[in-house]
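Trainee: I'd like to learn how to read a protein model. Could you walk me through one?

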Amino acid sequence: MAPDTRLDTAAAPKLEGSSWQGVRPRYPEAEVGHAWADLALSAWLGRLTGNISPAALGAAWFDWACHLMLSPDKQAELLTQGLSNVQRWLVYASGSNPDLVRPLAQDKRFSEPPWQQWPWHQLSQGFLLNQQWWHRATAGVRGMSPHHADVVTFVARQLLDCVAPSNFVSTNPVVLHACFESGGMNLLNGFLRAARDTREALSGQRRPPTYRPGREVAVTPGKVVMSNGLIELLRYDPVTPTVHAVPLLIVPAWIMKYYILDLSPHNSLVRYLVEHGHTVYMVSWKNPQAGDRELSMEDYRRLGVMAAIDAVSEQTGAEHINAAGYCLGGTLLAIAAAAMARDHDRRLSSMTLLAAQVDFTEPGELSLFIDDSQVAFLEASMWQQGYLDTRQMAGAFQLLRSNDLIWSRRLRHYLLDLPDRENDLMSWNADATRMPYRMHSEYLHKLFLRNSLASARYLVGGRPVALTDISAPIFAVGTLTDHVAPWRSVYKIIPLSDTEVTFALTSGGHNAGVVSPPGTEHRSYQMSVHAHADPYIDPGRWQADTEQVEGSWWPAWEAWLARHAGGQVDPPPPMPDAPPAPGRYVLQP
């Protein structure tokens with residue numbers, strides 16, 4: 001077994017080559033005394049605002065209001081549109097007419113049959129007309145910052161979602177019918193459920209999960225073959241007589257626990273790969289505490305990716321390794337691969353990026369929460385507690401899909417008295433992790449705000465790394481409805497690299513699009529190979545011209561992986577004295 005490498009977090013700031021170099025230090029300990037009141041005030045305000053910066057929202061609103069006041073043509077357009085909407089709705093409400101507005105495909109609030117009857121259909125159409133008007137009012141204002149326009153549009157949508165007729169008993173025919181059928185017991189039971197949820201939220205209690213790592217999920221047999229103060233490295237037991245000569249290392253994001261790739265046996269990507277003869281290693285990250293506040297991006301690269309690569313090389317004796325990274329783990333893997341290529345370390349046989357971005361100029365709706373003002377406000381909260389809390393991250397993701405994750409859930413639980421429909425993916429999603437203060441600050445500044453990796457300004461060991469140095473072939477996966485890593489952003493690995501890139505676009509979102517085993521219904525993907533010498537094709541044209549294949553993308557990736565995994569050899573020797581998977585870190589609350 002590889003030696004246990006203990007992490008001295010107190011020494012973390014002194015690490016040579018830390019990615020902290022080149023970033024303006026946000027609140028070094030020597031200066032905390034001078035900024036203590038600023039930080040304390042921002043941290044206190046953050047508890048009241050859900051860590052949303054009032055200054056950031058105020059700047060966006062002021063930008064919109066000022067430019068709207070200076071746009072008489074826009075004002076006239078909105079006035080005309082508003083009067084037209086009122087007239088159209090009155091005509092519509094007076095008789096049977098075609099729908100004025102069709103909700104978006106993902107908006108299911110008014111899809112039940114009772115909503116198609118009078119007067120509920122007229123009510124929903126009036127709401128959708130109002131929502132449409134506000135979208136036009138907050139978008140396309142001449143001279144306004146695009147970021148501020150996105151923020152104002154987003155806030156307007158959130159406020160409108162709060163007052164949607166589907167949220168209230170008296171204006172929701174489905175709820176009224178449930179009240180009639182149950183004699184009002186649905187509201188009583190919903191009230192009791194809301195009281196229980198509120199009590200648990202205020203006390204910080206969490207109900208025991210239905211799917212527990214090592215019992216119902218993360219049950220693929222394996223061993224913990226290396227550990228240090230940041231990771232446990234799992235190696236899964238072979239189930240085939242021979243295995244591919246080149247092992248596979250998977251680097252998940254530390255914003256999530258690794259077992260999204262090893263859920264139940266029927267949808268475990270790890271089990272699928274093991275059954276196809278791959279020796280699979282998995283990084284399981286520690287869930288950081290307040291004492292880990294000074295862990296840096298460099299620590300995650302050095303003690304995470306590089307320590308795992310070293311251990312896999314030592315244990316298997318393989319000269320080359322296939323590596324795959326998911327989400328933020330893929331971004332870190334790309335950084336490590338670029339640094340290895342720069343330093344003439346050729347151990348990577350291939351690199352796979354699963355819903356992982358390397359260019360952050362178009363990071364999707366997450367950019368709504370990321371600008372200099374918002375990051376400074378968030379840093380104050382992290383400075384006080386030493387990490388970004390799980391509830392803070394969950395709140396941001398819930399706002400991005402408020403209809404599904406907030407209002408529809410409250411409708412089902414508190415007004416319709418419908419039980420939770422939990423599955424292994426939902427249970428994993430609730431098993432969130434924390435992000436260390438320093439690492440998350442570096443991540444936001446260097447990647448989101450400065451886009452240093454894509455512009456070859458990201459420093460490793462005091463020197464910049466460039467994605468163009470990577471010569472190993474790349475397999476990149478984007479998911480069609482991803483709101484965390486939009487597929488068009490993931491697609492940018494093609495113009496940013498100087499190697500062969502196989503790009504696959506799969507149906508589904510950030511999680512369900514990746515967890516897509518063969519046999520799953522309503523799954524499809526598109527895939528093509530972009531050779532180094534091929535001309536660039538923009539993502540829109542690529543999507544239009546590339547053939548769609550029905551089914552899971554897993555077999556296509558496994559076939560690609562096998563071509564880079566060498567011939568068949570005997571499995572690596574067992575390690576009977578090693579602790580069993582899933583290890584200790586994944587069980588940390």
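Mentor: Strands here are DSSP runs (E, at least two residues), numbered from the N terminus. This is a predicted model, where local features need pLDDT of at least 70, side-chain atom pairs count only at pLDDT 80 or more, and totals for chains, interfaces and linings use all residues. Residues are numbered from 1 along each chain as its sequence is written, and side-chain values use heavy atoms, with hydrogens and water left out.

Trainee: Which way do β1 and β2 run, and how many bridges join them?

Mentor: Two strands pair if DSSP finds at least two bridges between them. Strand β1 (residues 222–227) and β2 run antiparallel, joined by 5 bridges. A hairpin of 3 residues links β1 to β2.

Trainee: What about β2 and β5?

Mentor: Those two are antiparallel as well, with 5 bridges between β2 and β5 (residues 280–285). Leu-233 sits opposite Val-283 in β5.

Trainee: Where do the side chains of β2 point?

Mentor: In a regular strand the side chains alternate between the two faces of the sheet. From β2, Ile-231, Leu-233 and Arg-235 point one way, while Glu-232, Leu-234 and Tyr-236 point the other way.

Trainee: How many residues of β2 are buried?

Mentor: Buried means under 20% relative accessible area, exposed over 50%, and partly exposed in between (1.4 Å probe, protein chains only). In β2 (residues 231–236), 6 of the 6 residues are buried.

Trainee: Which residues line the largest cavity?

Mentor: Among them are Trp-254, Met-256, Lys-257 and Tyr-585.

Trainee: And what lines the second largest cavity?

Mentor: Its lining is Arg-109, Ser-166, Asn-167, Trp-407, Ser-408 and Leu-411. The second largest cavity holds about 40 Å³ of space.

Conventions:
On a 1 Å grid over the protein atoms alone, a cavity is a set of points where a 1.4 Å probe fits but cannot get out, and a pocket is an open set with protein on both sides within 12 Å along at least five of seven lines; lining residues have an atom within 4 Å of a point. Grid points are joined across faces, edges and corners, and a volume is the space filled by probe spheres set on the points. Helices (H or I, at least four residues) and strands (E, at least two) are DSSP runs, numbered from the N terminus.
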